[in-house]
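Keep the sequence and the 3D view at hand as you read.

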Amino acid sequence: MTSPLPVILDVDTGGDDALALLLAMASPSLEVRGISCVAGNCGLEQVVTNTLRLLDGIDAPFVPVAVGMERPIVDSGLPPPALHGSDGMGDLGLPDPQRKALEAHAVEFLRDALTEAAEPLTLICLAPLTNIAMLLRTYPRVGEKIARLYVMGGTYAAPGNATPAAEFNVRCDPEAAAIVLGSGLPVTLYPLDPFMQVRITRGEAEAMTRATGGGARIAGGIALHYCRYFGADFSLIGDAGTVAAVIDPEGAATVRSPVRVELTGGATRGATVFDRRQWSAEEARDGWSEIEVITGVDAPRYRRLMASALGVEAMLAD
Ligand code: BDR
Ligand code: CA
């Protein structure tokens, strides 16, 4: 058996970040070395509270949780998206957290965790990229200790969600996204295209709320919240799909493509622009970085992976 992949998650918890954390914490394929928090889906303090109470809710062993950047590098941030509920995590009424966040700032925590790790770590970035951009700009040598950055953000062929052209995480902090995607480090992007594919049904979510495992009950509650908010008979697993792609890369279709983040556009600020031209000469790609992009996933495979990690595979309708 291969040893678990050491990872750190950067989150703006966030209902679907919570689903991602539940999957990462439950998966025997991953070893979660830490969690860094950043403002995004809600204010930073609420993100930290949500992250800590989620860990309490599953009786997680100690995992360092670090508090990061309160606002994007240039912009002042986007309003909290209403879809995540008034507390940003589905209004489940989870108790106040018993555990505490680290004193150290997330950027210092990330630097130390990477520097001290015996082997390079994988970063799973599920939020505006402010923490990660600040890390790479402040301590560029830590890049040597980053095995790969998996980034939920942007769109490949799909429309945006924050604006017609831009996805929320990238639109929230476009400069940070430009720094990270342009860093030259190994990046795998999980854009809105696969993000929109992986679902659990309302019936499955309802069944999960009655499960014995704390993680499954919380995941069911969050999914049910999204079903109710959208009046839909399904919920996306959202950011959790990115974690599934780390655990099971064979379930993802990828392309390599040069990318840039649009920083100056009006209607297009925060759009991820991919150069799909077959005829592009290398010199025409100055200022573009080639990254791996997940263009689609085997959705049934990833929903099974999620259900099996939560111990509720038997509750799936198919
Ligand atoms: C991304 O935006 C956030 O609202 C979600 O948590 C996800 O990371 C999707 O655009
Ligand atoms: Ca997120």
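The buried residues of H10 are Ala240, Gly241, Thr242, Val243, Ala244, Ala245, Val246 and Ile247. Buried means under 20% relative accessible area, exposed means over 50%, and partly exposed is in between, with a 1.4 Å probe and protein chains only. Helix H10 spans residues 240–247, and eight of its eight residues are buried. Helices (H or I, at least four residues) and strands (E, at least two) are DSSP runs, numbered from the N terminus.

Helix H6 covers residues 174–181. Seven of its eight residues are buried, so H6 is largely enclosed by the rest of the structure. Those buried residues are Pro174, Glu175, Ala176, Ala177, Ile179, Val180 and Leu181.

## How to read the values

This is a predicted model, in which local features need pLDDT of at least 70, side-chain atom pairs count only at pLDDT 80 or more, and totals for chains, interfaces and linings use all residues. Residues are numbered from 1 along each chain as its sequence is written, chains are lettered from A and ligands numbered from 1 in the order in which they are written, and side-chain values use heavy atoms, with hydrogens and water left out.

## The ligand and its shell

Where does ligand 1 sit? Ligand 1 is in the largest pocket. Pockets are found on a 1 Å grid over the protein atoms alone: a pocket is an open set of points where a 1.4 Å probe fits, with protein on both sides within 12 Å along at least five of seven lines. A molecule sits in a pocket if more than half of its atoms lie within 2 Å of the pocket's grid points.

How many residues surround ligand 1? The shell has 13, and the closest are Asp16, Asn41, Asn161, Glu167 and Asp239. A residue is near a molecule if one of its heavy atoms lies within 4 Å of it. The shell divides into five nonpolar, four polar and four charged residues. Here Ala, Val, Leu, Ile, Met, Phe, Trp, Tyr, Cys and Pro count as nonpolar, Asp, Glu, Lys and Arg as charged, and the others, Gly among them, as polar. Three helices each supply at least two shell residues: H1 (15–26), H5 (168–172) and H7 (192–195).

## Contacts with the ligand

Look at the oxygen atoms of ligand 1. One is 3.1 Å from an N or O atom in the side chain of Asp17. A polar backbone atom of Leu126 also lies 3.1 Å from an oxygen atom of the ligand. For Glu167, a polar side-chain atom is 2.5 Å from a ligand oxygen. The protein covers 96% of the 280 Å² of accessible area that ligand 1 has on its own. Such areas come from the Shrake-Rupley method with a 1.4 Å probe.

Most residues other than glycine have a negative phi, and most peptide bonds are trans. The peptide bond from Thr13 to Gly14 is cis, with omega near -10 degrees. Gly14 lies in the loop between strand E1 (5–11) and H1.

Asp59 has a positive phi, near 50 degrees, and is not a glycine. Asp59 lies in the loop between helix H2 (44–57) and strand E3 (65–67). Its relative accessibility is 67%, so Asp59 counts as exposed. Asp91 has a positive phi of about 50 degrees. Find Asp91 in the loop between E3 and helix H3 (106–116). At 40% relative accessibility, Asp91 is partly exposed.

## Buried residues elsewhere

Is Asp275 buried or exposed? Asp275 counts as buried because its relative accessibility is 7%. Asp275 is in the loop between strand E10 (272–274) and strand E11 (289–297). Its side chain makes a polar contact with the side chain of Arg277, at 2.9 Å. A polar contact is a pair of N or O atoms within 3.5 Å; within protein, one must be able to donate a hydrogen and the other to accept it, and residues adjacent in sequence count only if both atoms are side-chain atoms.

Pro194 lies in helix H7. Its relative accessible area is 0%, so Pro194 is buried. Pro194 and Gly241 are 47 residues apart in sequence and 7.8 Å apart in space, C-alpha to C-alpha. Val293 belongs to strand E11 and is buried, at 0% relative accessibility. Val293 and Tyr190 are 103 residues apart in sequence, with 6.4 Å between their C-alpha atoms.

Technical notes. On a 1 Å grid over the protein atoms alone, a cavity is a set of points where a 1.4 Å probe fits but cannot get out, and a pocket is an open set with protein on both sides within 12 Å along at least five of seven lines; lining residues have an atom within 4 Å of a point.
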